[in-house]
Amino acid sequence: MESFDLALLEEVWSEQDFQDLRQKLLPTYPAAHYFRSGIIGSGLCVFSKHPIQEFTQHVFTLNGYPYMIHHGDWFCGKAVGLLVLHLSGLVLNAYVTHLHAEYNRQKDVYLAHRVAQAWELAQFIHHTSKKADMVLLCGDLNLHPKDLGCRLLKEWTGLCDAYLETRDFKGSEEGCTMVPENCYVNRRELEQFPLGIRIDYVLYKAVSGLYISCKTFKTTTGHDPHSGTPLSDHEALMATLCVRHSPPQHTSSHSHGPAERSALISVLREAWTELDQGMAQALWWATITGYVIGLGLLLLALLCALAVGGGIREVAILLWTPSVGLVLGAGAVYLFHVQEAKGLCRARAELQHVLGRAREAQDLSPESQPALQPGRQEGDRAEEQ
């Protein structure tokens, strides 16, 4: 009913639901796309007033564990979808995404995966937005504003947070998108956060000399004002962005000075450490399951020998099936964790390379060079250069 230019949704798991939405919204949003991935689906879809020029998606390399069936993220195929739109002669890259959920903040076994996803997301935006005039990222990041993945994403892409930038905010306190007043939210999960948590974002930036500001920013507040029933367990975000060819007055400056480089280096180091720990954990699990496979194969060989010898043939045949199941199950877990370790190693290598380049840039910056003493001779200057 608000008739926005873009509506970007997550957790639309049923493609039939998307088709129903598409039919209902067709008069307002003639263009739409559903991003398909995984077994259940990415849950991502977009509705646009404007024609979609191009679209693509990137499925995250790491997305939880297939044997954690009760969580189910692995089956969803979490991804980031990209739309390219032409608005008044400008190119807009609009991204929609949904990262892995955080199920236990005190003991987060998915932290390395979520950091790797945040890095892949940042890299995808970095490499696909070079021809764009404007960049827009919307989605459920499952990250608190000060979490490592959120800081990594913002520092590497330079995206601005609409909630922090706007001067006209209306909605739930502190912009929270999971609030205890919502009947679909488990209040036990929010015991440490009585006001709720902010894990859904509208992030943006201008690329080619334009200036974007957030004119208004709103959230829903736990229930539909008409029926009293929440539309979702997450509160919706609604933003109005203004694009100018000249900088708006009193806008914050997003420069790339020494402080910004230092912040980037710090968050890159922190992310590298987290991925390194995750890789060590993945290799540990691969080693353990490798031993299990070896023991399982020895057990199978023993059972074969007993069956051939005829001593306790019935028992050997009875134990054969569970032994084969043990070896196959351990083999599947082994292969998964080897793949996990390689994915984390790849992301860690990319981070290490970027970190090295950032350090070089910091060392070569004029601010980091020592000032020449007044008495230095030109020859000394040339020799130092």
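1. Let's start with the open sheet: it has 3 strands in the order 1-3-2, with antiparallel pairing. Its edge strands, strand 1 (6-9) and strand 2 (31-35), each pair on one side only. From one strand to the next, the twist averages 10°. Strands here are DSSP runs of E, at least two residues, and helices are runs of H or I, at least four residues, numbered from the N terminus. Two strands pair if DSSP finds at least two bridges between them.

2. A word on the model: it is predicted, so local features need pLDDT of at least 70 and side-chain atom pairs count only at pLDDT 80 or more, while totals for chains, interfaces and linings use all residues. Residues are numbered from 1 along each chain as its sequence is written, and side-chain values use heavy atoms, leaving out hydrogens and water.

3. Back to the sheet: strand 1 and strand 3 (residues 44-48) run antiparallel and are joined by 4 bridges. Ala7 stands opposite Phe47 in strand 3.

4. Do have a look at Arg198, in the loop between strand 9 (169-170) and strand 10 (200-206). Arg198 counts as buried because its relative accessibility is 7%; buried means under 20% relative accessible area, exposed over 50%, and partly exposed in between (1.4 Å probe, protein chains only). Its side chain makes a polar contact with the side chain of Asp161 (3.0 Å). Such a contact is a pair of N or O atoms within 3.5 Å; within protein, one must be able to donate a hydrogen and the other to accept it, and residues adjacent in sequence count only if both atoms are side-chain atoms.

5. Finally, Trp284 lies in helix 6 (residues 258-309). With 45% relative accessibility, Trp284 counts as partly exposed.

Note on methods
Axes fitted to C-alpha atoms, helices over the stretch in contact; angles between N-to-C directions.
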